[in-house]
Amino acid sequence: MTRTVVFAREQLRASFTLALLVAIPALFVVSAARVLSDFASALGGSLAGDAAVALSAGWAAAFVSGALGFFQAASSRGADRRLALAGLGPARVAASRIAASVLLAVVAAAAAFAALVLRVEVAHPWHAAVAVIAFALLYLAIGVLVGAVIAAPLEGSLLVVFVFLLDAFGGPGMSGGSAPPWAISQKAADILIAAGMGAGSPTGDWVKLALVTVGALAASFCVFVASARSRA
Amino acid sequence: MDVVARSPVLTVDGVRKAFGHGPPWRRRRVEVLRGASLEVGPGELVGLVGENGSGKSTLMQVIVGLLARDGGTMTVPERLGYCPQQPLLWDKLTVAEHFELFATAYGMAAEQAVAARDGLLDELGFGRYLGYRVEELSGGTRQKLNLALALMHDPQLLLLDEPYAGFDWETYQRFWEMAERRRADGMGVLIVSHLLAERERLTRIYELRDGRCEAL
């Protein structure tokens, strides 16, 4: 627990991180919903109104969490490896890292969700809350995976943004066709759009979302373990 | 009993390590270590020298477990202290937080950790920086923290990779006095440097050349 708090504190001490963690999701929800629905109608999609506002909360949490995940994975490899070697072991270092990352991702998701419920009345707030958190955790994993491959801040951040854009514009409601199979956030988006429109979601969607989210977190954990281990 | 006391704390025998360079279709393997062997006994201060790029840091990283070896055998003690050439620290964490994290990693009790921390802060003279973040420290003070973290669990073997880079003269002198004290207490110390000016202090010096260690 102490290590988790220390690692979370490490991230929050970066200039403006705490402010951005709360401000970006809130601003995105306030300003991006109309842009999302304009893009959707230009691309032949059906996203509009409260559904667009709801989806913007998911994307807001995703964007911030992706960046946080990237910097968690890319910036501390050497010191983490030293700590693991000192006796803590890769798994315990990785567990602390993933716990700190999840903690920060949940803060970003909470800010996005708060902005959402302040802006529109959501008929299924719990559905929306879970979907926004899922967005955050999925993009946390994407950030971590990118950070494991690319350590350079500019290139890594750009790759996270590139995945984000592909996913956002190919996702549900954004175009006339169905979402591509690699759209990792598809089920989170489906549930969030449904919640925004006042509808529930089928059990199948929840199960798929749970599987994808758990898989993404497991992948993040493996990445952190690999980063803290000896190199071949 | 005498035999046990004299048995080495570090034995490296025929260690090999190669790195691959270039894309997979044009991969080139460079053998850095080609059967390196050395030994450090308890209470010995051993130097490892070699030109830039000779593989000193690679050998150190293999010994400490940061890099996997391709071949050869090694015996290392249970309590190992490692002071890397580039301080491996977290920029946003304070000196105190670094000590806390490493105390947990070494499995030290809270009182034992505080006593070790305070002793090292005093010995290396950087106690007033306890609440500072690493990003606020000078290069020399970072190096002191780097060294203190390697020492706080009183290791049986201390591995120092270019340990005094960034030290001023006073700290440099203090470092050697500290190394002598640790040696007198029975700690084995291996110092890696491209330039060892204090040869008279060392029990033995190896030179790493063509991937092998030669005793000078």
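Predicted model: local features only at pLDDT ≥ 70, side-chain atom pairs only at ≥ 80, totals over all residues.
Me: What secondary structure does chain A have, in helices and strands?
Reply: Chain A has 9 helices and 0 strands. From the N terminus on, its elements run α-α-α-α-α-α-α-α-α.

Me: How does the radius of gyration of chain A relate to the globule rule?
Reply: The radius of gyration is 17 Å, close to the 17 Å that the globule rule gives for 232 residues, so chain A is as compact as a globular protein of that length. The C-alpha trace of chain A spans about 55 × 35 × 35 Å along its principal axes.

Me: And how much of chain A is buried?
Reply: Of the 232 residues in chain A, 54% are buried. Among contacts in chain A with a separation of 6 or more, 78% come from residues 24 or more positions apart.

Me: Turning to the contact between the chains, how many residues does each chain put in?
Reply: Chain A contributes 18 residues and chain B contributes 19 residues. On the side of chain A that touches chain B, H1 and H4 of chain A each supply at least two residues.

Me: Which element gives the most to that side of chain A?
Reply: That is H4(A), with 9 residues. The residues on the side of chain A that touches chain B divide into 8 nonpolar, 4 polar and 6 charged.

Me: Now helix H3 of chain B: is it enclosed or open?
Reply: H3(B) is largely enclosed by the rest of the structure, because 10 of its 12 residues are buried. Among the buried residues are Val95(B), Glu97(B), His98(B), Phe102(B) and Tyr106(B).

Me: What covers them?
Reply: The cover includes helices from both chains: helix H1 (2-12) and helix H4 (77-88) of chain A, together with helix H4 (110-124) and helix H5 (139-151) of chain B.

Me: Does the span of H3(B) agree or disagree with its number of residues?
Reply: It agrees: at 1.5 Å a residue, the 12 residues of H3(B), 95-106, should span 16 Å, and the end C-alpha atoms are 17 Å apart. H3(B) is followed by Gly107(B), which has a positive phi, near 75 degrees.

Me: What is the strand order in the open sheet of chain B?
Reply: The sheet has 6 strands in the order S5-S6-S7-S3-S8-S9, with mixed pairing. Its edge strands are S5 (80-83) and S9 (212-215) of chain B, each of which pairs on one side only. From one strand to the next, the twist averages 20 degrees.

Me: How do S8 and S9 of chain B run, parallel or antiparallel?
Reply: S8(B), residues 204-209, and S9(B) run antiparallel and are joined by 4 bridges. Tyr206(B) has Ala215(B) in S9(B) as its bridge partner.

Me: Which strands does helix H2 of chain B lie across?
Reply: H2(B), residues 56-64, lies across S3, S5, S6, S7 and S8 of chain B, and runs at about 150 degrees to S6(B). Helix H6 of chain B, residues 169-184, also packs on the sheet, where it touches S3, S6 and S7 of chain B. The direction of H6(B) makes about 145 degrees with that of S7(B).

Me: How does S4(B) pair with S1 of chain B?
Reply: S4(B) pairs with S1(B), residues 10-21, in the antiparallel sense over 4 bridges. Within this pairing, Thr11(B) stands opposite Thr75(B).

Terms used: Residues numbered from 1 in each chain as written. Chains lettered and ligands numbered in written order. Pairing = 2+ DSSP bridges. Rg over C-alpha atoms; globule rule 2.2 N^0.38 Å. Buried ≥ 20, exposed ≤ 12 C-beta atoms within 10 Å, placed from the backbone. Contact = placed C-beta atoms within 7 Å. Expected span 1.5 Å × (residues − 1). Nonpolar A, V, L, I, M, F, W, Y, C, P; charged D, E, K, R; others polar. Axes fitted to C-alpha atoms, helices over the stretch in contact; angles between N-to-C directions.
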